[in-house]
Amino acid sequence: MDAPRTYTMRARADAKAATRLRVLRAVLELSEEKMTIEITLDEVASRAGTSVQTVLRHFGTRDALLDEAVRLASAEVEQERRAPVGDVGGAIQAIVAHYERRGDHVLRLLGQEHDPRIAAVVEPGKRLHRRWVEDVFRPQLDARPPGDRDALVDLLAVATDLYTWKLLRRDRGLDAATTRSRMHTLVAALLAGD
């Protein structure tokens, strides 16, 4: 007798989780189309195929919804940026693929960083990039004299930064392969330098 009840409870839990994810995806999609401050609960609910009441039941407030969407996006970003440690080509491949996926969106966010909510999103992203450089290029950094390490991390962060991608990809109009090649050349030169 307990099996149908267990199945029903599981089906409800699955449906609830699916609705929650649809709502979060709707927020992320909308944030790629417009400034975050312009996103309304009505738009989110409509995009997710649900009601504002359901959105509020899941998240409580618009701020809590946005915070949860940021957490989801942050986890996805960390996954996208994974690269083999010490492999310059793999690192450049991963970072350019990540920028191809999210670069234009992040540039729009950076243009809104005067808003404290957006600043709370982009500041951790800036720290994430520096940590990524330190992690991915750890073998090369460990081989350098300790006094050179911070300067080299700074330069590698610039060589692999979103704005470097933007300058090559958007401002110069280069294709992704050429952008990867130019970034690779920058990184290789920095790592080979004395």
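Author: Let us start with Thr 160, which touches Ile 92, Ile 95, Tyr 99, His 129, Trp 132, Val 133, Met 183 and Val 187, not counting residues up to four places away in sequence. Contact here means heavy atoms within 4.5 Å. A word on the source: this is a predicted model, where local features need pLDDT of at least 70 and side-chain atom pairs count only at pLDDT 80 or more, while totals for chains, interfaces and linings use all residues. Residues are numbered from 1 along each chain as its sequence is written, and side-chain values use heavy atoms, with hydrogens and water left out.

Reader: What makes Thr 160 count as buried?

Author: Buried means under 20% relative accessible area, exposed means over 50%, and partly exposed is in between (1.4 Å probe, protein chains only). Thr 160 has 0% relative accessibility, so it is buried. It sits in the loop between H8 and H9. Helices are DSSP runs of H or I with at least four residues, numbered from the N terminus.

Reader: Which backbone oxygen lies 2.8 Å from a polar atom of the Thr 160 side chain?

Author: That oxygen belongs to Leu 156. A polar contact is a pair of N or O atoms within 3.5 Å; within protein, one must be able to donate a hydrogen and the other to accept it, and residues adjacent in sequence count only if both atoms are side-chain atoms. At 2.8 Å, the Leu 156 and Thr 160 pair is within that limit.

Reader: Why is Asp 154 called partly exposed?

Author: Asp 154, which also lies in H8, has a relative accessible area of 39%, so it is partly exposed. Its side chain makes a polar contact with the side chain of Arg 130, at 2.6 Å.

Reader: How do you know that H5 falls short of a straight helix?

Author: H5 (residues 88–110) has 23 residues, and a straight helix would reach 33 Å, but its end C-alpha atoms are only 27 Å apart. H5 also bends by about 65° at Arg 102. The bend is the angle between axes fitted to the seven residues ending at a residue and the seven starting there.

Reader: What caps the N-terminal end of H5?

Author: Asp 87 does, with a side-chain oxygen 3.2 Å from the backbone nitrogen of Gly 89.

Reader: What is the largest nonpolar core made of?

Author: A nonpolar core is a set of buried Ala, Val, Leu, Ile, Met, Phe, Trp, Tyr and Cys residues joined through side-chain atoms within 4.5 Å. The largest has 30 residues, and Trp 132, Phe 137 and Met 183 are among those with the most contacts inside it. H5, helix H6 (116–136), helix H8 (146–159), helix H9 (162–171) and helix H10 (176–192) each give two or more residues to this core. H5 gives the most, with 10 residues. A second, separate core of 18 residues includes Leu 24, Ile 39, Leu 41 and Val 55.

Reader: Which residues of helix H3 are buried?

Author: In H3 (residues 52–59), they are Thr 54, Val 55, His 58 and Phe 59. They cover an arc of only 115° around the axis, which puts them on the same side of H3. The arc is that of the directions from the helix axis to the C-beta atoms. On the other side of H3, Gln 53 and Arg 57 are exposed. Gly 60 follows H3, with a positive phi near 90°.

Reader: Why does Glu 76 count as buried?

Author: Glu 76 has 17% relative accessibility, so it is buried. It is found in helix H4 (residues 62–80), and its side chain makes a polar contact with the side chain of Arg 25, at 2.3 Å. Leaving aside neighbours within four places in sequence, Glu 76 is in contact with Arg 25, Leu 28 and Arg 102.

Reader: What makes Ala 64 count as partly exposed?

Author: Ala 64, also in H4, is at 27% relative accessibility, so it is partly exposed.

Note on methods
The expected span of a helix is 1.5 Å times one less than its number of residues.
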